Amino acid sequence: MVIDENTEILNMLAKVLFCIGHSATVFSNPADALEELTLNENYDAVITDCFLDIKSMTFAGIDLIESLLDIKKLPVLVWSMYVDRLIPHIHDKEHVTFLKKPEENLSYIFTWLDKIKKIENEQFDTYPIYQLIYSSKEIDGFTENDLMDILISSRKHNKTAGISGALIYHNKCFLQVLEGEQVAVENRYYEWIEKDKRHFEVTLLTKGIVNKRIFLNWDMGFFGSHDGEDYVLLGLTDFNKHPAGQFFRDKLTHSQKELLSIQ
Ligand SMILES: Cc1cc2nc3c(=O)[nH]c(=O)nc-3n(C[C@H](O)[C@H](O)[C@H](O)COP(=O)(O)O)c2cc1C
């Protein structure tokens with residue numbers, strides 16, 4: 001859940017979070033957010049502004065944060081320009097993390113969320129984990145909307161099928177790792193992905209049983225790079241620094257990397 005007065009920030013953050021594998025519901029009104037949290041169990045964490053009332057220089061956010069913690073002891077990230085002034089007023093610091101806007105960048109939020117999900121997801125699979133990696137190329141005329149459609153259906157189907165993984169969109173090519181129960185992964189790949197007309201030269205790079213899931217945190221993490229496009233925002237998670245980038249670099253052979261223009 002993301003709560004912020006500024007709808008531009010809300011929408012930007014929701015989009016960025018979506019692209020890296022988190023589904024955020026956004027609220028600009030704290031009262032609505034609190035009501036939703038009371039009614040709905042499906043939240044893992046809250047990111048909120050501190051709602052400073054400029055006229056009276058008081059933080060409406062203090063009550064908000066206390067109420068959030070009263071309803072559920074979810075991890076709360078307070079992301080605000082005024083965190084320094086807010087910190088002394090917050091009693092329950094165990095569940096609250098403070099991040100100053102705008103000096104610290106979004107990658108801090110990603111790491112914070114990853115840590116939370118890691119704890120949550122530490123349930124154990126009862127079957128061996130099968131991992132499959134392939135590469136492919138986008139067709140001519142492939143658009144950002146196509147990419148969003150792929151991400152949306154991937155998230156939906158993969159979650160149901162217990163598949164985790166990452167999709168990298170780099171230099172007009174895709175690299176995808178799928179991990180889960182063998183039948184589920186092979187079915188997704190051979191019945192759907194390989195036949196999808198939005199990409200071609202679909203090439204299986206590796207497949208087999210592995211020790212554990214690598215992309216536990218993401219139902220389908222995504223990393224994109226494409227100059228001049230909106231999702232270059234995600235350049236924040238540079239291929240060279242991104243966990244998925246490192247993973248693929250370790251896994252691929254020299255010639256596969258050359259093919260995909262990855263150093
Ligand atoms: C590069 C690429 C990666 C994809 N990855 C997945 C995936 O991981 N899971 C999935 O269900 N569909 C994936 N798809 C989409 C499927 O091929 C197919 O369109 C989709 O599963 C159909 O479901 P829908 O009718 O609900 O969209 C991918 C497609 C492309 C082009």
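1. Two residues count as in contact when their C-beta atoms, placed from the backbone, lie within 7 Å. Among contacts in the protein chain between residues at least 6 apart in sequence, 66% join residues at least 24 apart.

2. A word on the basis: this is a predicted model, in which local features need pLDDT of at least 70 and side-chain atom pairs count only at pLDDT 80 or more, while totals for chains, interfaces and linings use all residues. Residue numbers start from 1 along each chain as its sequence is written.

3. The protein chain holds 9 helices and 12 strands (DSSP runs numbered from the N terminus: H or I of at least four residues for helices, E of at least two for strands). Of its 263 residues, 29% are buried, meaning that 20 or more other C-beta atoms, placed from the backbone, lie within 10 Å of the residue's own.

4. Now the open sheet: 5 strands in the order E2-E1-E3-E6-E7, with parallel pairing (a pair needs at least two DSSP bridges). Strands E2 (26–27) and E7 (96–100) are at the edges with a single partner strand each, so one side of each has no neighbour in the sheet. Further in, 2 bridges link E1 (residues 2–3) with E3 (residues 46–48), and Val2 is opposite Ile47 in E3.

Terms used: A residue is buried if 20 or more other C-beta atoms lie within 10 Å of its own, exposed if 12 or fewer, and partly exposed in between; C-beta atoms are placed from the backbone.
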